[in-house]
Amino acid sequence: MDHVVGIDLGTTNTCVAIIEAGTPRVIPNKGGYAITPSMVAISESGKRLVGHLAKRQVVTNPVNTIYAVKRLIGRKWNSTAGRTVAQTCPYTIVEGPHGDIRLKIREHVYSVPEISAFILAEMKMIAEQYLGSPIDKAVITVPAYFNDNQRQATKDAGRIAGLEVIRIINEPTAAALAYGFGKNLERKVAVYDLGGGTFDVSILDIGHGVFEVISTAGDTFLGGENFDLRVMQYLIETFEEDTGVAIREDRMAMQRLKDAAEKARCELSNVRETTIELPFLHTTPSGRHLHMHETLTVQQLEDLTEDLVDETVKICQRTLESAKLEAKDLDDVVLVGGMTRMPLVQRKVAAFFGIEPCKGVHPDEVVALGAAIQAGALVDSTPELLLLDVTPHSLGIMIVGGYFHRLIEQNTTIPTRAGHVFTTVRDNQTSVKILVLQGESDKAAENEMLGEFILSGLRRAPRGQVEVEVTFSISVDGIVSVSAKDLETGREQSITVTATSGLTEDELKDLVKQSQSYMLELRASEEIERRRQQAEKLIDTIRGLFPQVQEAMSGTRFGRDAIAKAEAVVQRAEEDLARGDARTLLDTMQSLDRTLGMFKNVMHKKSEAAHR
Ligand code: ADP
Ligand code: MG
């Protein structure tokens with residue numbers, strides 16, 4: 001059967017799931033964990049490290065370890081996002097050739113989708129190892145609030161990783177799918193998702209297999225990281241008060257602090273008080289070693305972060321308003337994301353909605369499970385599962401005066417399309433430039449620019465006489481496309497899009513190729529490793545048999561020769577292993593196999609002789 005995986009590509013953690021025997025299930029990674037940190041690092045020897053391997057070395061290698069790359073995907077260099085990340089992260093970000101953001105790791109510059117692709121490739125591998133067959137299709141989730149650029153860049157990441165992204169779905173919708181799977185529910189639910197980097201809330205109407213998102217809102221810059229920063233800030237200030245030493249510039253110390261802040265925060269979801277012990281946190285220029293020893297209580301944590309939780313509640317209020325609902329109209333609240341384990345979050349959400357949140361879903365796994373359910377439904381074209389999603393942002397164009405003219409309103413069900421008629425403003429004008437934007441501001445400049453479209457090859461005619469109808473479509477993935485038609489002649493007009501962020505088609509093709517050859521190399525080196533292990537085992541077995549064989553054949557000339565030969569084979573094998581030569585290793589393995597066969601033969605004959 002054709003397997004399609006569902007992947008929750010999170011800011012902090014990534015999770016992969018499949019449908020197995022009709023039931024969605026998460027595939028654990030090599031370490032047995034359901035979630036894999038969304039981290040990528042390049043080691044000193046140039047080795048690519050993903051997930052737990054990257055996370056484990058972050059303290060000693062912060063500048064070459066990329067985390068929370070999802071905050072940068074599909075964003076522009078001169079955006080607030082870019083600036084904020086540049087100020088807070090220890091790794092280096094640089095401007096890309098298309099006004100996009102790139103990451104510099106050890107003299108090599110990577111695009112953002114490439115880094116995401118490393119994570120996706122790892123998830124693909126986890127699934128392939130589990131299933132024992134190759135996987136080339138996936139459904140990937142994104143925050144509901146992602147705009148077109150971010151969705152497109154996520155699709156690109158899938159492509160680079162060797163995955164055809166058959167659908168992009170919104171994380172809250174995926175969560176609702178998993179929540180309502182196989183239950184034939186009829187209810188209105190809110191999905192509250194607070195992860196490591198983003199906050200999302202959606203109101204859905206579930207009825208007999210139809211999952212309709214009524215409204216959605218969120219903040220792509222509100223999550224656990226913000227909570228960590230608050231705790232760090234507190235620790236830095238306390239440390240400064242105690243020691244008089246400022247440690248903000250000490251990268252290693254900051255990384256350890258961040259780690260400790262998160263750990264303490266998670267612990268405080270279960271206990272009232274915790275300690276933060278960081279021996280040798282900082283060494284002053286005069287060589288004085290400074291240690292941190294602090295305690296943090298739930299109350300302190302809540303005081304430090306309460307306004308962040310309140311902010312999420314305000315967004316919930318806005319979502320309800322745009323759904324034209326009140327809290328009492330909802331039947332259930334589904335909590336998603338690791339941060340919802342924080343008791344303050346649970347309390348505030350319960351108080352706002354006036355309902356105890358649903359306990360039946362796993363906050364870490366529910367999104368990936370929903371993606372797998374959607375994947376399964378797309379492959380089997382399940383008619384009883386219908387997913388109606390909405391576009392999170394209004395789509396429009398820039399008109400005279402720098403104003404934003406809306407063509408598709410926020411929260412319109414997708415897929416959808418809208419037309420707009422453009423006319424020429426000059427005599428013999430042959431081209432028109434159209435700026436397509438997404439956002440809610442009336443000023444075009446304050447919205448997210450998706451692309452610049454040049455409508456060319458127009459008929460030469462007096463101004464105002466050429467009318468071109470441009471159709472803007474939003475696909476089920478939430479991805480925007482544009483087409484144009486001359487109204488008088490009915491002729492399709494050509495439209496070229498100038499990449500405003502991300503990668504060009506050529507760059508993408510190149511990266512796909514690079515990624516394929518990387519995977520081939522990786523597989524080859526894994527194959528060598530496997531052979532090496534087999535060879536080592538064979539050598540051990542043969543060595544273990546030497547005394548017995550020697551005894552069995554003692555005295556015979558044939559015996560002496562055979563033993564000498566076997567010894568030579570083993571020695572050669574050991575040399576091959578030391579050299580790591582894969583090709584000769586295969587030959588040597590065969591010789592080892594023959595030797596072992598011969599040994600077994602001798603032993604067998606001997607035992608037969610003994611029984612006679
Ligand atoms: P994302 O969707 O961004 O990938 P997750 O849903 O995996 O993120 O959530 C990760 C966040 O959840 C991190 O900030 C982490 O610190 C936080 N988290 C995980 N477990 C707990 C816990 N027990 N208590 C509080 N926060 C937690
Ligand atoms: Mg998430």
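The protein has 13 helices and 28 strands. Both are DSSP runs numbered from the N terminus: helices are H or I with at least four residues, strands are E with at least two. This is a predicted model, in which local features need pLDDT of at least 70 and side-chain atom pairs count only at pLDDT 80 or more, while totals for chains, interfaces and linings use all residues. Residues are numbered from 1 along each chain as its sequence is written, chains are lettered from A and ligands numbered from 1 in the order in which they are written, and side-chain values use heavy atoms, without hydrogens and water.

Start with the whole. Along its principal axes the C-alpha trace spans about 105 × 70 × 60 Å. Of the 612 residues, 53% are buried. Buried means under 20% relative accessible area, exposed means over 50%, and partly exposed lies in between (1.4 Å probe, protein chains only). The protein exposes about 28,700 Å², and carbon and sulfur atoms supply 50% of that area. Accessible areas come from the Shrake-Rupley method with a 1.4 Å probe; for residues, only the protein chains shown count as cover. Contact means heavy atoms within 4.5 Å. Among contacts with a separation of 6 or more, 66% join residues 24 or more positions apart.

His3 lies in the segment before strand E1 (5-9). Is His3 buried or exposed? His3 is buried, with a relative accessible area of 19%. Beyond its neighbours within four places in sequence, His3 contacts Ile19, Leu131, Ser133, Ile135 and Lys137. Phe227 is 224 residues from His3 in sequence, and their C-alpha atoms are 38 Å apart in space.

Now turn to the strands. Strands of a sheet pair through backbone hydrogen bonds, either parallel or antiparallel. Two strands count as paired if DSSP finds at least two bridges between them. One open sheet has three strands in the order E6-E5-E7, with antiparallel pairing. Strand E6 (48-50) and strand E7 (65-66) stand at the edges, each with a single partner strand, so one side of each has no neighbour in the sheet. Strand E5 (residues 40-42) and E7 pair over two bridges in the antiparallel sense. Here Ala41 stands opposite Thr65 in E7.

Elsewhere, strand E11 (residues 137-142) and E12 pair in the parallel sense over six bridges. Val142 has Asn170 in E12 as its bridge partner. Strand E12 (residues 164-170) is mostly covered, with five of its seven residues buried.

Next comes helix H7 (residues 251-267). It has 17 residues and reaches 24 Å from its first C-alpha to its last, close to the 24 Å expected at 1.5 Å a residue. The expected span is 1.5 Å times one less than the number of residues. The buried residues of H7 include Met254, Leu257 and Lys258. What do the buried residues of H7 pack against? They pack against helix H6 (224-243), strand E16 (273-283), strand E17 (289-297) and helix H8 (298-322).

Lys258 also meets a ring. Its charged end sits over the ring of Tyr67, 4.7 Å from the centre. The charged end of Arg48 sits over the ring of Tyr518, 3.5 Å from its centre. A charge sits over a ring if NZ of Lys or CZ of Arg is within 6 Å of the ring centre and within 35 degrees of the ring normal.
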